[in-house]
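Let's take a walk through this structure together, one region at a time. Keep the sequence and the 3D view side by side as you read.

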Protein chains: 2
Amino acid sequence: MAITGDQERLLYKIAKAYYEDGFTQGQIGKRFGISRIKVSRLLQQARQEKLVQITVISPEDSHADLERELESTYGLDEAVVISPSSAEKPVVTAELGPAAVGCLLRCLQGDGVLSVSWGSTLLSVVDAVPVKHWPDMTVVQVMGGLGRPEAEVHGNDIARRMAQAFGARPRLISAPGIVASKMVRDSLLADPQISDTMALSAKSDVAMVGIGVPVPDSVVMQAGAILAEEVEQLKARGAVGDVALRFFDKDGQPIKHEINDRIIGLDLDQIQRIPRVIGVAGGAEKFEVIRAALRGKFINVLVTDDRIAARLLEKP
Amino acid sequence: MAITGDQERLLYKIAKAYYEDGFTQGQIGKRFGISRIKVSRLLQQARQEKLVQITVISPEDSHADLERELESTYGLDEAVVISPSSAEKPVVTAELGPAAVGCLLRCLQGDGVLSVSWGSTLLSVVDAVPVKHWPDMTVVQVMGGLGRPEAEVHGNDIARRMAQAFGARPRLISAPGIVASKMVRDSLLADPQISDTMALSAKSDVAMVGIGVPVPDSVVMQAGAILAEEVEQLKARGAVGDVALRFFDKDGQPIKHEINDRIIGLDLDQIQRIPRVIGVAGGAEKFEVIRAALRGKFINVLVTDDRIAARLLEKP
DNA sequence: AACGGTATTGTTCATTTGAACGGGCGGTGT
DNA sequence: ACACCGCCCGTTCAAATGAACAATACCGTT
């Protein structure tokens, strides 16, 4: 049905009164002698007919639209895209940190439980955290420490330093992330200290995780936590990378491997149940893992660089 | 405080999600990990900072903006401006009719009480009323009939025809609008038939009135209802015209004159108390009266032509 | 380091708004 | 002419929104 000139004028005046003059629909109805609900419907119509146009100005130098596309394509709660000042891996990693912290600060307001995993990217996140004093907050490890027993630093270290920066309580897992056998793991899990911490982690409000690729020079390998042989087995089964040491293939399907039974840390199901999982990763070599992690829906927030973002949107 | 680039990006994404994707503030808050109220405030900010622009497209060939200016300048509920196809008085009058009917139809929905006054302009309104069948509606005269006793047609006639067109109940005042003396009026008012009708008129939902100028050739004068002498007296006291035979000066101040005591019809106070008084008038010679009627706030809806509208806005 | 002022945050509550439902009107076809 | 169908309207109710208030944290100053 075409709108008559008379109708249109009414629509215009009502829309102006509502959107520009700030009258309520009820007031407008009284003024023009029509019911409130009719004003509501006329406004609907005016929007539908594009007589009312609502424009949101996009900020210049930002990837807001790219982010929105990522969000809708992969069903993310939020995507954050940065433009690294260089494509060098350390630079990219270092610049992801502050962006990730921005996300973190927005949803952590002085309390709650934050789980952190491990990785070189997370190191840069820790470095970017501003000093706070949030004694009601808890930072908990999402998995055991990594590295050889005698140098079991990083896993604990990141959580510890994160807690320190926030002025929060640290809850550390005093056990390695990977142990020699299922039996060892089971006996460690019998320790309430450890199992309670893991239970806490499973119920945390926010998790911040890195996304790893099994390359020979990665810190995980260097640390000797995983043997080259095991990596080959995982790759043979389609693994493209991991979140918190849980490997998955390019479609985000978890890989079955006996190593899973030797890990002290949340599994992918548990991670998915955390309300907000922030994944931080960038750099060309991580493209496939990141895409896989998105497909598997292991994270709801992605912090990455613009090249990855562009590639993630290349083909449906 | 300047908005940082980070803030701005968040504002953008929230505004997009709200205005374009139609998410509620609560949903957005959950997605981005902030409280609902904060989303509300950020949206406020975004509107304030003009990151969100709401544009209402003005219809082409219409006087919508002129009307809006009239509405705000004179505190009207509504102004309707038409472009007569010619400046000839009969043409202007004839074309005001349909516009006035448009207003009328919008707020009368099958029931209620409509008061009508009298005048050549109202005649054209009556002619424009589409046939309806609204038996719950009442059309009542706002004042007695006009014209010499033996040709007491118009006043009654307009109300009667209006009622007929609407398929409504007519409530006519079987008395002249102006009588010879206060005494006569008082005795007529003692008749419940008459006083009840006037009481009904005073409580009507909508009134439609013309706005008159005391020119020698006006129908009022021709009808002999008012003597030329009386018109001169009224003019001498500053009268610029009337609504329902109640005269006022150029500032909308009622004129005191003994004729007021001989009128059978609502006074200006009573008219002002009617929730919606639609004044219909156009043509150059009526400019001053119309402005006066607006100043006196005797009407809340004005239907007029574009020339008058423009002149009404000339100077503050 | 203590203080006060300012800004920002969340809570509560009233208002505003839109969705679902049911009734009535007008138009249409037989 | 009558019945049927679809559209439009208002009512009711739940959801969404914004305002007022109080508490808290953060800032600069003394």
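A:Leu10 is buried, with a relative accessible area of 11%. Here, buried means under 20% relative accessible area, exposed means over 50%, and partly exposed is in between, using a 1.4 Å probe and protein chains only. You'll find A:Leu10 in helix H1 (residues 5–20) of chain A. Helices (H or I, at least four residues) and strands (E, at least two) are DSSP runs, numbered from the N terminus.

What does A:Leu10 touch once its neighbours within four places in sequence are left aside? It is in contact with A:Phe32, A:Leu42 and B:Arg106, where contact means heavy atoms within 4.5 Å. Now look for A:Leu123: it is 113 residues from A:Leu10 in sequence, and the two are 60 Å apart in space, C-alpha to C-alpha.

## Ground rules

This is a predicted model, in which local features need pLDDT of at least 70, side-chain atom pairs count only at pLDDT 80 or more, and totals for chains, interfaces and linings use all residues. Residues are numbered from 1 along each chain as its sequence is written, chains are lettered from A and ligands numbered from 1 in the order in which they are written, and side-chain values use heavy atoms, with hydrogens and water left out.

## How the two chains relate

## A glutamate with partners in both chains

Next, hop over to B:Glu71, in helix H4 (residues 64–74) of chain B. Is B:Glu71 buried or exposed? Its relative accessibility is 5%, so B:Glu71 counts as buried. Apart from neighbours within four places in sequence, B:Glu71 is in contact with A:Lys13 and A:Arg31, plus B:Leu76, B:Asp77, B:Glu78 and B:Ala79.

## Two crossing helices

In chain B, the axes of helix H2 (residues 25–32) and helix H3 (residues 36–48) come within 8 Å and cross at roughly 105°. That makes H2(B) roughly perpendicular to H3(B). Axes are lines fitted to C-alpha atoms, for helices over the stretch in contact, and angles run from 0 to 180 degrees between N-to-C directions. Angles under 35 degrees count as roughly parallel, over 145 as roughly antiparallel, 65 to 115 as roughly perpendicular and the rest as oblique.

From H2(B), the residues B:Gln25, B:Gly26, B:Ile28 and B:Gly29 meet B:Arg36, B:Val39, B:Ser40 and B:Leu43 in H3(B).

## The sheet in chain B

Chain B has an open sheet of 7 strands with parallel pairing, in the order S2-S10-S9-S6-S3-S4-S5. Two strands pair if DSSP finds at least two bridges between them. Strand S2 (78–82) and strand S5 (169–171) of chain B are the edge strands, each pairing on one side only. From one strand to the next, the twist averages 20°.

Strand S4 (residues 136–141) of chain B pairs with S5(B) in the parallel sense over 3 bridges. The bridge partner of B:Val140 in S5(B) is B:Arg171.

## Inside the strands of chain A

How many residues of strand S6 (residues 206–210) of chain A are buried? 5 of the 5 are, so S6(A) is largely enclosed by the rest of the structure. On one side are A:Val206, A:Met208 and A:Gly210, on the other A:Ala207 and A:Val209, all buried.

S6(A) pairs in the parallel sense with strand S3 (residues 111–116) of chain A over 3 bridges, and with strand S9 (residues 276–280) of chain A over 5 bridges. A:Leu114 stands opposite A:Val206 in S6(A), while A:Val209 has A:Gly279 in S9(A) as its bridge partner.

## A loop lysine

B:Lys50 sits in the loop between H3 and strand S1 (52–56) of chain B. B:Lys50 has a positive phi of about 65° although it is not a glycine. At 55% relative accessibility, B:Lys50 counts as exposed.
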